Amino acid sequence: IKCHFIFDVKMGENFRRKARLVANGNETESPAALTYSSVVSRDSVRIALLVASLNDLQLLSCDIQNAYLTADCREKIYITAGPEFGSDAGSIMVIKKALYGLKSSGAAFRAHLAETLYDLDYQPTKGDPDVWIRPAKKADGFEYYEMTLVYVDDILCISADPEATMSGIQATFKLKDDRIEKPEMYLGAQLSLKVMNNVECWTMTSEQYIKAAIANV
């Protein structure tokens, strides 16, 4: 098949320039197996934030860098290298990683990330397969479930000790800017920690998203 480059300027990341090689997946037949990647629902995020407040749990988030390219390609694809490959121009190149644009890449990355979460003793919930849980215990003996929420490459961990899960993920994946931090945005919504009736709780609002949408329209 053919590939092409996408050049972009990330407006929300201080005008960071980015170039990405993308496969023309429209030129391939759809694989017989599952090809899409599901994502966590907003309702699941709201419930998880409520659980965090009720059980005095901490939140940490991270973003996996160049996510798809961390997984192996599930299709038998090759390209003929163009002049941009320099001395390798004209060579036959076999695609070994889940290149952006291929129909199976989303599912390939999701399966790769799932293996890491299974290795960390997490299990997907029946209500939402992108909410992963594992039993845990606080220092005072209180038993609860740690939660890891997955939206493709955006990870949100809710736990009394979220650093442990994040370190496990970071051992396998390269994180953007190596940053693990308290979340300010998730699924396009603003997250913030408030105190209501002397209890800390997380709020979720789409105010910034709506303002941007109105301005653009």
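Author: A residue is called buried when its relative accessible area is under 20%, exposed when over 50%, and partly exposed in between, using a 1.4 Å probe and protein chains only. The model is predicted: local features need pLDDT of at least 70, and side-chain atom pairs count only at pLDDT 80 or more, while totals for chains, interfaces and linings use all residues. Residues are numbered from 1 along each chain as its sequence is written, and side-chain values use heavy atoms, with hydrogens and water left out.

Reader: Why is Asp130 called buried?

Author: Asp130 has 2% relative accessibility. The cut-off is under 20%, so Asp130 counts as buried. Of the 217 residues of the chain, 36% are in the buried class.

Reader: What makes Asp130 and Arg110 a salt bridge?

Author: The term requires a side-chain nitrogen of Lys or Arg within 4 Å of a carboxyl oxygen of Asp or Glu. For Asp130 and Arg110 the closest N and O atoms are 3.2 Å apart, so the pair qualifies. This pair links distant parts of the chain, 20 residues apart: Asp130 is in the loop between strand 6 (123–124) and strand 7 (131–137), and Arg110 is in helix 2. Arg110 has a relative accessible area of 23% and is therefore partly exposed.

Reader: How do you know what counts as a helix or a strand?

Author: Both are DSSP runs numbered from the N terminus: helices are H or I with at least four residues, strands are E with at least two. The chain has four helices and twelve strands.

Reader: What makes Asp43 and Arg46 a salt bridge, and where do they lie?

Author: Their N to O distance is 3.0 Å, and the limit is 4 Å, so the pair meets the definition. Both residues are in helix 1 (residues 42–54), three residues apart, about one turn of the helix. Asp43 is exposed because its relative accessible area is 53%; Arg46, at 45%, is partly exposed.

Reader: Which parts of the chain does the salt bridge of Lys176 and Asp63 link?

Author: The side chains of Lys176 and Asp63 meet at 3.4 Å, N to O. The pair links distant parts of the chain, 113 residues apart: Lys176 is in the loop between helix 3 (162–170) and strand 10 (185–186), and Asp63 is in strand 3 (residues 58–63). The structure holds nine salt bridges, and Asp177, Arg179 and Glu181 are linked in a network of them.

Reader: What makes the nonpolar surface patch?

Author: Val9, Met11 and Phe15 make the patch, of about 330 Å²; accessible areas follow the Shrake-Rupley method with a 1.4 Å probe, and for residues only the protein chains shown count as cover. Patch residues have over 30% relative accessible area and no salt bridge; like charges are joined within 9 Å, nonpolar side chains (Val, Leu, Ile, Met, Phe, Trp, Tyr) within 5 Å. Met11, in the loop between strand 1 (3–10) and strand 2 (16–23), is at 61%, so Met11 is exposed.
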